[in-house]
Amino acid sequence: MKLSVSARALAAGAVAAALLLTGGSLAGAAPAPSAAAAPDIPLSGVKAHLTQLQSIASANGGNRAHGRPGYKASLDYVKAKLDAAGYTTTIQQFTASGRTGYNLIADWPGGDTNQVLMAGSHLDSVSSGAGINDNGSGSAAVLETALAVSRAGHQPTKHLRFAWWGAEELGLVGSRYYVNNLSAANRAKIRGYLNFDMIGSPNPGYFVYDDDPAIEKTFKDYYAGLGVPTEIETEGDGRSDHAPFKSAGVPVGGLFTGASRTKTAAQVAKWGGTSGQAFDRCYHSSCDTTSNINDTALDRNSDAIAYAVWGLSA
């Protein structure tokens with residue numbers, strides 16, 4: 001997640017409702033008793049990706065930042081996994097701050113290409129660290145969800161597209177480039193975009209974007225099924241890759257576990273953790289390594305991604 005606007009089931013149960021996405025906006029929930037059950041996303045798989053991203057950073061100057069070798073190596077790692085799983089992958093190239101950047105787009109064959117559901121995360125880190133929570137956590141969970149689609153041979157009604165964005169830390173450059181280079185017709189085909197930026201913070205909160213009511217309800221329903229309270233996400237408003245989509249009129253939503261804001265005593269009463277400490281004390285720092293992850297938060301949010309992808313694409 002970039003620094004600021006200016007600088008910066010029912011966990012394993014069947015999806016209870018498919019959300020109808022019509023006319024460029026999300027409609028209300030409709031019963032879908034025949035919808036396939038969203039799978040449990042293995043935490044071990046997500047963490048294996050994080051281990052690889054850490055190794056890539058360690059071998060490339062300690063970071064995976066835009067225009068640096070560690071970013072391209074991260075993109076190559078994700079692309080290879082998706083190619084092997086049967087995705088059609090596309091690398092989109094752009095320039096920012098005098099360096100070449102890349103977005104990775106992965107389309108799952110099938111589904112109505114006039115109704116596209118996207119899920120994405122930024123793959124770049126800041127230059128000061130490996131960026132394992134920010135945003136290896138979102139990138140790894142989205143990757144493992146995409147691989148779960150392949151393992152299940154999932155064939156939803158809507159077309160599924162996954163994305164890993166470059167140069168988010170420079171001001172949402174990659175995602176903005178993608179959205180700005182879509183035709184009006186192709187933008188209108190994207191019926192929802194789900195964003196996952198920092199979903200394994202070590203002192204986590206459980207925050208849900210409130211930009212689109214139907215997407216918001218999907219995530220809240222998932223967490224209600226776990227008996228875990230949520231709060232509306234405010235720290236990252238306009239600061240991550242959903243912003244260009246929202247500006248273009250695409251319904252957006254997502255999850256977040258907190259960055260540099262301090263966890264309150266009331267939030268500790270809800271979620272546990274440490275009062276008076278940042279949700280992620282290693283935010284944009286060299287200590288954002290594989291030791292900077294809360295496994296419970298990462299596991300819950302990874303399963304929530306699958307729950308939403310299965311439900312919203314039905």
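This is a predicted model: local features need pLDDT of at least 70, side-chain atom pairs count only at pLDDT 80 or more; totals for chains, interfaces and linings use all residues.

Student: Why is the pair of Tyr178 and Phe245 called tilted?

Tutor: The planes make an angle of 40 degrees. Stacked needs under 30 degrees and edge-to-face needs over 60, so the pair lands in the tilted class. The centres are 6.1 Å apart, and the limit for a pair is 6.5 Å. The structure holds 16 aromatic pairs.

Student: What makes this pair a tie between parts apart in sequence?

Tutor: Tyr178 belongs to helix H4 (residues 173-180) and Phe245 to helix H7 (residues 242-247), so the pair ties together parts 67 residues apart in sequence.

Student: And how do you know whether Tyr178 and Phe245 are buried or exposed?

Tutor: Buried means under 20% relative accessible area. Tyr178 has 6%, so it counts as buried. Phe245 has 1%, so Phe245 is buried too.

Student: What about the rings of Phe207 and Phe256, why is that pair tilted?

Tutor: Their planes are at 45 degrees and their centres 6.2 Å apart, so the pair is tilted. Phe207 lies in strand E8 (residues 207-208) and Phe256 in strand E10 (residues 252-256), so this pair ties together parts 49 residues apart in sequence. Phe207 and Phe256 are both buried. They also belong to a cluster linked by ring pairs, which includes Tyr222, Trp271 and Tyr307.

Student: What makes Lys270 count as lying over the face of Trp271?

Tutor: Lys270 is 5.6 Å from the ring centre, and the distance cut-off is 6 Å. The charged end of Lys72 likewise sits over the ring of Tyr102, 5.6 Å from its centre.

Student: Why is Ser137 called buried?

Tutor: Its relative accessibility is 0%, and the cut-off is under 20%, so Ser137 is buried. Ser137 sits in helix H3 (residues 132-152), and its side chain reaches the backbone nitrogen of Ile199 at 3.0 Å. Beyond its neighbours within four places in sequence, Ser137 is in contact with residues including Leu50, Met198 and Ile293.

Student: Last one: how do you know that the span of helix H9 agrees with what it should be?

Tutor: At 1.5 Å a residue, the 19 residues of H9 (residues 295-313) should span 27 Å, and the end C-alpha atoms are 27 Å apart, so the two agree. H9 is mostly covered, with 15 of its 19 residues buried. Asn294 caps the N-terminal end of H9, with a side-chain oxygen 3.1 Å from the backbone nitrogen of Thr296.

Definitions and conventions: Residues are numbered from 1 along each chain as its sequence is written. Side-chain values use heavy atoms; hydrogens and water are left out. Rings of Phe, Tyr and Trp (its six-membered ring) pair if their centres lie within 6.5 Å; planes under 30 degrees apart count as stacked, over 60 as edge-to-face and the rest as tilted. Helices (H or I, at least four residues) and strands (E, at least two) are DSSP runs, numbered from the N terminus. Buried means under 20% relative accessible area, exposed over 50%, partly exposed in between (1.4 Å probe, protein chains only). A charge sits over a ring if NZ of Lys or CZ of Arg is within 6 Å of the ring centre and within 35 degrees of the ring normal. A polar contact is a pair of N or O atoms within 3.5 Å; within protein, one must be able to donate a hydrogen and the other to accept it, and residues adjacent in sequence count only if both atoms are side-chain atoms. Contact means heavy atoms within 4.5 Å. The expected span of a helix is 1.5 Å times one less than its number of residues.
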